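This briefing goes through a few features of one structure by topic. Have the sequence and the 3D view ready while reading.

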Amino acid sequence: MQPLYTSQQVRDAEAPLLAAGQGKELMLKAATGLAHVVVRELQSRYGRVYGTRAVALVGSGNNGGDALYALAFLARRGVSCQAVTVAGSAHEEGLAAAVAAGVCVTTEWDSVRDADVVIDGILGTGASGALREPLASQLSDWQNNACDQLCIAVDTPTGVNASTGEVDPHAVRATHTVTFGMLKAGLFVHPGAGFCGHVECVDIGLTSTDAPAGYLHTTASVRGPGEQDHKYSRGVLGVAAGSQQYPGAAVLTSLSAQNTGVGMVRYVGDAAGLVMHSVPEVVTGWGRVQAWVVGPGAPEDELVDEVLDQAYEKCLPAVIDAGALARVSRARDNWVLTPHAGEAQSLCESRGWTVTREEIESAPAHWARRLASELGCCVLIKGARTVISEPDGTLHLTPVGPARLATAGSGDVLAGIMGALMATEQPAGSRSAAVVAANAVLLHHEAAGNRALETAQSILEVARSHREES
Ligand SMILES: NC(=O)C1=CN([C@@H]2O[C@H](COP(=O)(O)OP(=O)(O)OC[C@H]3O[C@@H](n4cnc5c(N)ncnc54)[C@H](O)[C@@H]3O)[C@@H](O)[C@H]2O)[C@@H](O)CC1
Ligand SMILES: Nc1ncnc2c1ncn2[C@@H]1O[C@H](COP(=O)(O)OP(=O)(O)O)[C@@H](O)[C@H]1O
Ligand SMILES: [K+]
């Protein structure tokens, strides 16, 4: 997992180097890394670099300085380069270097639309507040008329808050973002993440001792059984799921847990017959378990309350989903609540917080944080972009999953995968529970992404093949 930082944390990490007079060196490292990416992308899209046209949008600060030095580099590679200064002034030394290399400087935006690549060097970590006029309208005019243009953002797309992922209505939609030194959290949080395109980080020698604002998880790491393991040592998962109205959720959750790999699944609820018929490995009835999944398919309140009490009293890790979410009155830090935006809205409402489902969908990190802090456990808000927060606000993010996960029952499959990992990994606190949850999300993505699958049942088959291969 890769640490993610806020803009301020990155600026704090830069401060001692700037104080030691290394500002220009840092900027040259950043600009060189940026220029290499531009060259690579020009080559990849057009099959050549020489003779292509690059236009950089240049703001008044160091973000513009990076863009100007990169243009100087590109001009020497035979790229026809133009710098559009959008803020009246521009980084002096960068401007001098660009002009010396043959870069044409203008304040007119005419050339932007026809450029083979646009480099967005307007705002980086120094941005504050809404985009000002006339810049905001100029950006909208350009982007409303641009079509499939290569656009490489310097450090962060202008208008995307690099700390929070909040987005200005006129923000730049980049195809690539080249960020410097440390990954910024806002580049991976919805909705900002959707404006960044492919993100890569150029090492300019920054380090931080701060606690990161979050972590990016990209590869699922799952521990298989050891040679000495038996079914009990490996972990028994209790599944309390399904009802007469929604018996299928009990099957999907149990089967998904079984397919992910766990010592044993114990099922309690109203769909025991159907579960046994579909997953004969499952044992039904109460008994000792090392973790719980409770809630998929709206099991009865009485059963849910009993499971929640047991998990609380014994400090067992638990995945609380769907029908069980509304029953949580106290929580352990190794619990993960897994609402979708609608369920998160109900959780907020029951606490007297007024928010719409749409507002949660447009700022899931904010609401996951608020709920996690209120409840004292991890909160994972499901959706096109899933976000997990620990009670202290530390975020755990993953790349976006395949859209074919948007199908009924796929949340039940996720609950089963997560439950299996909870039972085998035994997370003791919120950090390890959040890591388990992120791993489950990645496995869920992988299972759905391996083939052109459309149903939750098919996702299960891939979960099984994943287990057999590992
Ligand atoms: N400080 C350093 O050591 C390094 C900084 N680097 C670059 O420098 C950037 C940060 O530079 P700066 O601190 O100069 O800040 P920026 O270049 O991000 O922006 C500062 C300028 O933007 C204007 N501005 C802020 N908010 C605005 C808004 N909403 N609408 C319109 N204009 C607005 C401000 O008036 C100010 O003039 C980083 O993102 C990175 O690209 C890199 O060169 C690496 C080294
Ligand atoms: N467009 C999408 N792209 C990627 N993943 C998605 C998308 N839509 C939904 N998902 C994922 O699919 C799952 C749906 O879960 P949920 O809404 O609980 O469904 P159900 O209750 O029917 O099981 C979640 O893991 C969610 O993150
Ligand atoms: K930028």
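How many salt bridges does the count come to? The count comes to 15 salt bridges. The model is a predicted one. The points below cover some of these pairs, then an ion site, a charged patch and a contact within the chain.

**Salt bridges**

- Side chains of opposite charge can pair when their charged atoms come close.
- R327 and D305 form a salt bridge through their side chains, with 2.7 Å from N to O. R327 sits in the loop between β14 (318–320) and β15 (335–337), while D305 belongs to helix α10 (residues 301–313), so the pair ties together parts that are 22 residues apart in sequence.
- R327 counts as partly exposed, at 32% relative accessibility, and D305 is also partly exposed, with a relative accessible area of 25%.
- R330 makes a salt bridge with E313, and their closest N and O atoms are 3.2 Å apart. This pair links distant parts of the chain, with R330 in the loop between β14 and β15 and E313 in helix α10, 17 residues apart.
- Is E313 buried or exposed? E313 counts as exposed because its relative accessibility is 52%, and the cut-off for exposed is over 50%.
- R351 and E374 meet in a salt bridge between their side chains, at 3.9 Å from N to O. R351 is in the loop between α11 (341–349) and α12 (357–362), and E374 is in helix α13 (residues 364–375); this pair links distant parts of the chain, 23 residues apart.
- R351 is partly exposed, with a relative accessible area of 24%. E374 is partly exposed as well, at 46%.
- A network of salt bridges links R40, E41 and E200.

**Potassium site**

- Which residues coordinate the potassium ion (ligand 3)? The donors are N63 (OD1), D120 (O), L123 (O), V154 (O) and T156 (O), at 2.6 to 2.9 Å.
- Along the sequence, the donor residues of the potassium ion (ligand 3) follow the spacing N-x56-D-x2-L-x30-V-x1-T.
- N63 counts as buried, at 9% relative accessibility. T156 is buried too, with a relative accessible area of 2%. Both residues count as buried because their values, 9% for N63 and 2% for T156, fall under the 20% cut-off.

**Negative patch on the surface**

- D270, E300, E302 and E306 gather on the surface in a patch of negative charge.
- One of these residues, D270, is in the loop between β11 (264–268) and α9 (272–278). D270 is partly exposed, with a relative accessible area of 41%.

**A contact within the chain**

- Where does Y50 lie? Y50 is found in the loop between α2 (23–46) and β2 (53–58), and counts as exposed at 65% relative accessibility.
- Y50 and V79 are 29 residues apart along the chain, and their C-alpha atoms are separated by 5.2 Å.

Notes. Residues numbered from 1 in each chain as written. Chains lettered and ligands numbered in written order. Predicted model: local features only at pLDDT ≥ 70, side-chain atom pairs only at ≥ 80, totals over all residues. Heavy atoms only, no water. Patch = residues over 30% accessible without salt bridge, like charges linked within 9 Å, V, L, I, M, F, W, Y side chains within 5 Å. Areas by Shrake-Rupley, 256 points an atom, 1.4 Å probe, with all protein chains shown as cover. Salt bridge = Lys/Arg side-chain N within 4 Å of Asp/Glu carboxyl O. Lys, Arg positive; Asp, Glu negative; His and termini not counted. Charge placed at Lys NZ, Arg CZ, Asp CG, Glu CD. Helix = DSSP H or I, 4+ residues; strand = E, 2+ residues; numbered from the N terminus. Buried < 20%, exposed > 50% of the residue type's maximum accessible area, 1.4 Å probe, protein only. Donors = N, O, S within 2.8 Å, 3.2 Å for Na, K, Ca; no water.
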